[in-house]
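Q: I have a structure open and I'm new to it. Can you walk me through it?
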Amino acid sequence: PPPPPPPSPPPPSPPPATYSFSTNTTFTGYDCDEFEEKQAAFKKVLAEMLNISPGAITYDKCVDVSGSGTKRRKLAGVTNRIKISYSVAALDESDAEYLQN
């Protein structure tokens with residue numbers, strides 16, 4: 001029998017991002033340590049929602065916005081709140097505008 005055909009070449013890489021935007025999201029019920037453990041899942045879900053690669057999302061920082069006395073607030077049944085800041089790479093300005101809406 002004839003030899004098998006050579007493998008198909010990989011698909012071309014997308015063009016490099018030339019624009020990005022930064023935004024943030026507030027979550028209730030997490031602290032920054034817990035979010036660190038869930039960061040990959042957050043990027044995956046966000047990428048699926050935006051129909052982009054998780055690699056286009058850069059986690060910038062996490063800030064506890066629960067206020068002072070967090071331990072006392074936990075005992076009182078008040079949950080933590082954190083603000084996650086992240087950046088999203090886009091192909092160009094119009095792509096960034098589309099992703100933001």
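Q: Is C62 buried or exposed?
A: C62 is buried, with a relative accessible area of 17%. Buried means under 20% relative accessible area, exposed over 50% and partly exposed in between, with a 1.4 Å probe and protein chains only. This is a predicted model, where local features need pLDDT of at least 70, side-chain atom pairs count only at pLDDT 80 or more, and totals for chains, interfaces and linings use all residues. Residues are numbered from 1 along each chain as its sequence is written, and side-chain values use heavy atoms, with hydrogens and water left out.

Q: What does C62 form with C32?
A: A disulfide, with the sulfur atoms of C32 and C62 2.1 Å apart. The term covers a pair of cysteine sulfur atoms within 2.5 Å. C32 lies in helix α1 (residues 32–50) and C62 in strand β2 (residues 57–64), so the link ties together parts that are 30 residues apart in sequence. Helices (H or I, at least four residues) and strands (E, at least two) are DSSP runs, numbered from the N terminus.

Q: And C32, buried or exposed?
A: C32 counts as buried, at 19% relative accessibility.

Q: Which hand does the link have?
A: The link of C32 and C62 is left-handed, with -85 degrees about the S-S bond.

Q: How many disulfides are there by that rule?
A: The count comes to one disulfide.

Q: New topic. How many helices and strands in the chain?
A: The protein chain has three helices and three strands. From the N terminus on, the elements run β-α-β-α-β-α.

Q: Back to α1. Where is its kink centred?
A: On K38, with a kink of about 60 degrees in α1. The bend at a residue is the angle between axes fitted to the seven residues ending there and the seven starting there.

Q: What does α1 span?
A: Only 24 Å between its end C-alpha atoms, whereas a straight helix of 19 residues would span 27 Å at 1.5 Å a residue. The expected span is 1.5 Å times one less than the number of residues.

Q: Which residues are buried in α1?
A: C32, F35, Q39, F42, L46 and A47 are buried there. What covers the buried residues of α1 includes β1 (19–28), β2 and β3 (81–90). Contact here means heavy atoms within 4.5 Å.

Q: How many aromatic pairs does a search of the whole structure find?
A: Six aromatic pairs. Rings of Phe, Tyr and Trp (its six-membered ring) pair if their centres lie within 6.5 Å; planes under 30 degrees apart count as stacked, over 60 as edge-to-face and the rest as tilted. F27 and F35 are stacked, 6.3 Å centre to centre with 25 degrees between the planes. F35 and F42 are edge-to-face, at 5.3 Å centre to centre and 70 degrees between the planes.

Q: Which residues do ring pairs link into a cluster?
A: F27, Y30, F35, F42, Y59 and Y86.

Q: Last one. Which element has the lowest mean pLDDT?
A: Helix α2 (residues 70–75), at 54, while β2 has the highest, at 93. pLDDT is the predictor's confidence in each residue, from 0 to 100. Where pLDDT is low, the predicted coordinates should not be read in detail. The protein chain averages 84, and 87% of the residues score at least 70.
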